[in-house]
Amino acid sequence: MSENQRKIDISIFQKSKKGNFFCGDSYFYHEADNTFICALADGLGSGEHAKESSQIVMDVIQDNRNETVSTMMKKSNKKLVGKRGVVLGILQMDLDTKQYFYSSIGNIGLMTISSDSVKRRNIPQVGFLSGYERPFKVVSDKLEDDMIFVMFSDGVDEREISNSYFLHKDVTHITDTFAKLYHNKLDDDTTLIAMKYKKESLS
């Protein structure tokens, strides 16, 4: 799929915790003809073992990216038996019906920003995935033209996402500004993913 055919613009900032070679956060995204998926996992703790668990989950999601969000959450959870736990967020967009679906457990945040600059936060479920069976809540809503989604791990705090530059219409500007302001102030594994559903042309 060429850049001109893509309906989602995406830009990503990631930084490992100071002193660590491995970032405990892992992410995956994929756009096909009528769907888009983005997932972000943060392994508990930091370093190589945290990275191992978060990457296991991303591999599961990549292999099951055409499944429902609920199914992906369940399959990811099963793979973590005997591993370090993770917190996880999964965003899925149906580009035909213009709906999005989202589920999050633990401190993976999602903020939506409408074309008229209205911010909304989705509240994740408390807890983490560790192989034990548990229910998952999936929220759904309408996908609006020029809507921006910002998904982030717990290295990003409330004060940072309240900044006005998150209202910018260019996702690269959002991640670049965040990096410039906070790159040397972050004391945890940090991932910030900005996505924009582009307005469809009338042609």
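**Strands, sheets and a cavity**

Analyst: M111 stands opposite V150 in β9. The model is predicted, so local features need a pLDDT of at least 70 and side-chain atom pairs a pLDDT of 80 or more, whereas totals for chains, interfaces and linings use all residues. Residues are numbered from 1 along each chain as its sequence is written, and side-chain values use heavy atoms, without hydrogens and water.

User: How many bridges join β6 to β9?

Analyst: In general, strands of a sheet pair through backbone hydrogen bonds, either parallel or antiparallel. Strands are DSSP runs of E with at least two residues, and helices are runs of H or I with at least four, numbered from the N terminus. Two strands pair if DSSP finds at least two bridges between them. Here β6, residues 109–113, is joined to β9 by 5 bridges, and the two run antiparallel.

User: In what order do the strands of that sheet stand?

Analyst: The sheet is open, with 5 strands in the order β1-β10-β9-β6-β7 and antiparallel pairing. At its edges stand β1 (8–15) and β7 (119–122), each with a single partner strand, so one side of each has no neighbour in the sheet. Neighbouring strands are turned by 15° against each other on average, direction ignored. Angles are taken between N-to-C directions of lines fitted to C-alpha atoms, for helices over the stretch in contact, and run from 0 to 180 degrees. Helix α4, residues 171–182, lies across β1, β9 and β10 (190–197), and its direction is at about 10° to that of β1.

User: In what order do the strands of the other sheet stand?

Analyst: This open sheet has 5 strands in the order β2-β3-β4-β5-β8, again with antiparallel pairing. The edges are β2 (25–31) and β8 (139–142), each with a single partner strand, so one side of each is left without a neighbour in the sheet. The twist from one strand to the next averages 10°. Helix α2, residues 69–78, packs on this sheet and touches β3 (35–43), β4 and β5, while its direction makes about 155° with that of β4.

User: How many bridges join the neighbours within this sheet?

Analyst: β3 and β4 pair over 9 bridges in the antiparallel sense, and T35 stands opposite D94 in β4. Between β4 and β5 there are 7 bridges, also antiparallel, with I90 opposite S103 in β5. Strand β5, residues 99–105, is joined to β8 by 4 antiparallel bridges, and Y100 faces D141 in β8.

User: Is M93 buried or exposed?

Analyst: Buried means under 20% relative accessible area, exposed over 50%, and partly exposed in between, with a 1.4 Å probe and protein chains only. M93 has a relative accessible area of 1%, so it counts as buried. M93 is found in β4, residues 86–94, and 8 of the 9 residues of that strand are buried. A contact is a pair of heavy atoms within 4.5 Å. Leaving out residues up to four places away in sequence, M93 touches I8, N34, T35, F36, Q99, Y100, L143 and F149. M93 and D141 are 48 residues apart in sequence and 9.8 Å apart in space, C-alpha to C-alpha.

User: Which residues line the largest cavity?

Analyst: Rolling a probe the size of a water molecule over the atoms shows where empty space is left. On a 1 Å grid over the protein atoms alone, a cavity is a set of points where a 1.4 Å probe fits but cannot get out, and lining residues have an atom within 4 Å of a point. The count is 1 cavity of 30 Å³ or more, and the largest cavity holds about 50 Å³ of space. Its volume is the space filled by probe spheres set on the points, which are joined across faces, edges and corners. The largest cavity is lined by H30, T35, F36, I37, R65, N66 and Q92, and β3 gives the most to this lining, with 3 residues.

Technical notes
On a 1 Å grid over the protein atoms alone, a cavity is a set of points where a 1.4 Å probe fits but cannot get out, and a pocket is an open set with protein on both sides within 12 Å along at least five of seven lines; lining residues have an atom within 4 Å of a point.
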